[in-house]
Amino acid sequence: MSPMRWITAGLAAFCLALAACVTINVYFPAAAAEKAADRIIGDIWGPEKGPKPEGGNTQGSVLREPGAVLLASLGGALDFVIPRAEAQVDLDISSPAIRTLTASMKARAAELDPFFASGAVGLTSDGLVEIRDANAVALADRNRLKKLVADENGDRSSLYREIATANGHAEWETDIRSTFAERWIANARPGWYYKNKSGAWTKK
């Protein structure tokens, strides 16, 4: 038997042995939550305007290397034998309650936008909005801003709870909130303020 066949047989045996020992548990799907957060935030704030990935097939030269086809095939086989736990979780963001909250936040976004731009409000590290500089707001508009912030935070907190509930895991609420907190900041426009984890205001 050639060395390559010995390697193939050995890796195949290893995959089967590993599959027999693995117990798949449902856990918080962080990657799926990030994608869901980006979809919702994109709907509320508008599509992300980041750089598009460069085109071109980067796999061609790799697959031409000796043994690369074998390793790619075994990798796919391993995914088949040991399904990824994340693939078992369908993160639902389409429930009526979630759609209602998203629509409410989308309608409010245009009113909050100038306050974000002026630095009057900023994003917090726990997924909410906070008044950063009331002096940047005309006296006549301060009460309106307070109500906008209160309504926005109420919708955000409800959204995190509803996503956890819609997916049958109320215990995910804290993780969903943390994920959204990171994605709100990541999707914020240049010049907007956010609080870092130490509590200091930072300009993006």
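1. Start with Phe-180: in this predicted model its relative accessible area is 2%, so it is buried, given that the cut-off is under 20%. Trp-184 comes out at 1% relative accessibility and counts as buried too. Phe-180 and Trp-184 sit four residues apart in helix H7, so about one helical turn separates them. Their rings make a tilted aromatic pair, with 6.3 Å centre to centre and 50° between the planes.

2. Trp-45, Phe-116, Tyr-160, Phe-180, Trp-184 and Trp-192 are linked into a cluster through ring pairs.

3. Now the core. The largest nonpolar core contains 37 residues, and Trp-45, Leu-159, Phe-180 and Trp-184 have the most contacts inside it. At least two core residues come from each of helix H2 (30–45), helix H5 (96–118), strand E1 (121–123), helix H6 (142–166) and helix H7 (173–187). The top contributor is H2, with eight residues. As background, nonpolar side chains tend to be buried together in soluble globular proteins.

4. Leaving out residues up to four places away in sequence, Leu-159 touches Ile-40, Ile-98, Leu-101, Thr-102, Met-105 and Phe-180.

5. What about aromatics elsewhere? The structure has seven aromatic pairs. Phe-28 and Trp-172 form an edge-to-face one, because their planes stand at 75° (over 60 is the cut-off) with the ring centres 5.7 Å apart. This pair ties together distant parts of the chain, 144 residues apart: Phe-28 is in the loop between helix H1 (3–21) and H2, while Trp-172 is in the loop between H6 and H7. Both partners are buried, Phe-28 with a relative accessible area of 15% and Trp-172 at 4%.

6. On to the sheet, which is open and has four strands in the order E2-E1-E3-E4, with mixed pairing. Strands E2 (129–131) and E4 (201–203) are the edges; each has a single partner strand, so one side of each lacks a neighbour in the sheet. On average, neighbouring strands are turned by 40° against each other, direction ignored.

7. E1 and E2 run antiparallel and are joined by three bridges. Within that pairing, Val-121 stands opposite Ile-131 in E2. H6 packs on the sheet and touches E1 and E2, its direction making about 160° with that of E2.

Note on methods
Residues are numbered from 1 along each chain as its sequence is written. This is a predicted model: local features need pLDDT of at least 70, side-chain atom pairs count only at pLDDT 80 or more; totals for chains, interfaces and linings use all residues. Side-chain values use heavy atoms; hydrogens and water are left out. A nonpolar core is a set of buried Ala, Val, Leu, Ile, Met, Phe, Trp, Tyr and Cys residues joined through side-chain atoms within 4.5 Å. Buried means under 20% relative accessible area, exposed over 50%, partly exposed in between (1.4 Å probe, protein chains only). Contact means heavy atoms within 4.5 Å. Two strands pair if DSSP finds at least two bridges between them. Axes are lines fitted to C-alpha atoms, for helices over the stretch in contact, and angles run from 0 to 180 degrees between N-to-C directions. Rings of Phe, Tyr and Trp (its six-membered ring) pair if their centres lie within 6.5 Å; planes under 30 degrees apart count as stacked, over 60 as edge-to-face and the rest as tilted.
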